[in-house]
Amino acid sequence: MHFLCLSSRQTKISAQPLKFMDSKNAEYDLIAAIARGNKEAFRQIYSLYNEKVFNTVISYTQNEADAEEVTQDVFLRIHKYAENFKGESAPSTWIYRIAVNASLNFIKKKKRFSFFQLGKEAETKTDFVHPGAQLEKREEVQILFKYINTLPENQKTAFILSFVEELPRQEVADIMKLSLKAAESLLQRAKANLRIKLEKVYPERRKS
């Protein structure tokens, strides 16, 4: 059973020429420059990662306005904590980790707010369609993300990073601070849980 039918990721900002990108360790150099207060370096990191961060975040928030808010928070954190980056992981890994943590924190706060404002009857919206969904597959993607939202936190992250962002499994493990084996185990459990739910909706696909 195929899980995702997404086209190329939605572009949130046009790519700009990257003057810093002329060395093997360019992104490390950009983070170091941000820590020194270099505004051009920050602009270039934003240009490189804005689209990726937004598309990771929206898979969690399942709401464009919320995704914009969390994306802004992610880049504020990048700017604030650049001096704490020690290069122990790739810059992309560090940035994705910030995006995942910011998304999870936002969701928890929003759920607490909804509980106190609306009570136990408050329900999560299920009409989200990922912006990368192909027109003819929008209904299927909507159903898929409805069930992604029901996965345990770690399984959800493993699935989003692997199948929505299409990151290498080792990078997924690094972002989640897990061994490769542990990340793959989470991913297999996520796929199994989703398959059970989706087979109830699409019983004719049980052998696909």
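The N-terminal end of α2 is capped by N38, a side-chain oxygen of which lies 3.0 Å from the backbone nitrogen of E40. Such a polar contact is a pair of N or O atoms within 3.5 Å; within protein, one must be able to donate a hydrogen and the other to accept it, and residues adjacent in sequence count only if both atoms are side-chain atoms. The model is predicted: local features need pLDDT of at least 70 and side-chain atom pairs count only at pLDDT 80 or more, whereas totals for chains, interfaces and linings use all residues. Residues are numbered from 1 along each chain as its sequence is written, and side-chain values use heavy atoms, with hydrogens and water left out.

Helix α2 covers residues 39–61; helices here are DSSP runs (H or I, at least four residues), numbered from the N terminus. The end C-alpha atoms of α2 are separated by only 29 Å, whereas a straight helix of 23 residues would span 33 Å at 1.5 Å a residue, the expected span being 1.5 Å times one less than the number of residues. A kink of about 50° is centred on Y49 in α2, the bend being the angle between axes fitted to the seven residues ending at a residue and the seven starting there. After α2 comes Q62, with a positive phi near 50°.

T56 is located in helix α2. This residue is buried, with a relative accessible area of 0% (buried, under 20%; exposed, over 50%; partly exposed, in between; 1.4 Å probe, protein chains only). Neighbours within four places in sequence aside, T56 contacts Y96, V100, I160, L161 and E165, a contact being heavy atoms within 4.5 Å.

The largest nonpolar core has 54 residues, of which I45, V53, V74, I78 and L161 touch the most other members. Two or more residues each are given to this core by α1 (26–35), α2, α3 (64–81), α4 (91–118), α5 (138–148), α6 (153–164), α7 and α8 (180–201). The largest share, 10 residues, comes from α4. A core of this kind is a set of buried Ala, Val, Leu, Ile, Met, Phe, Trp, Tyr and Cys residues joined through side-chain atoms within 4.5 Å. Residues up to four places away in sequence not counted, V74 touches V53, I98, A99 and A102.

In helix α7 (residues 169–176), the buried residues include E171, V172, A173, I175 and M176. Helix α8 contains L198, which is buried at 4% relative accessibility. The C-alpha atoms of L198 and Y147 are 8.2 Å apart, at a sequence separation of 51 residues.
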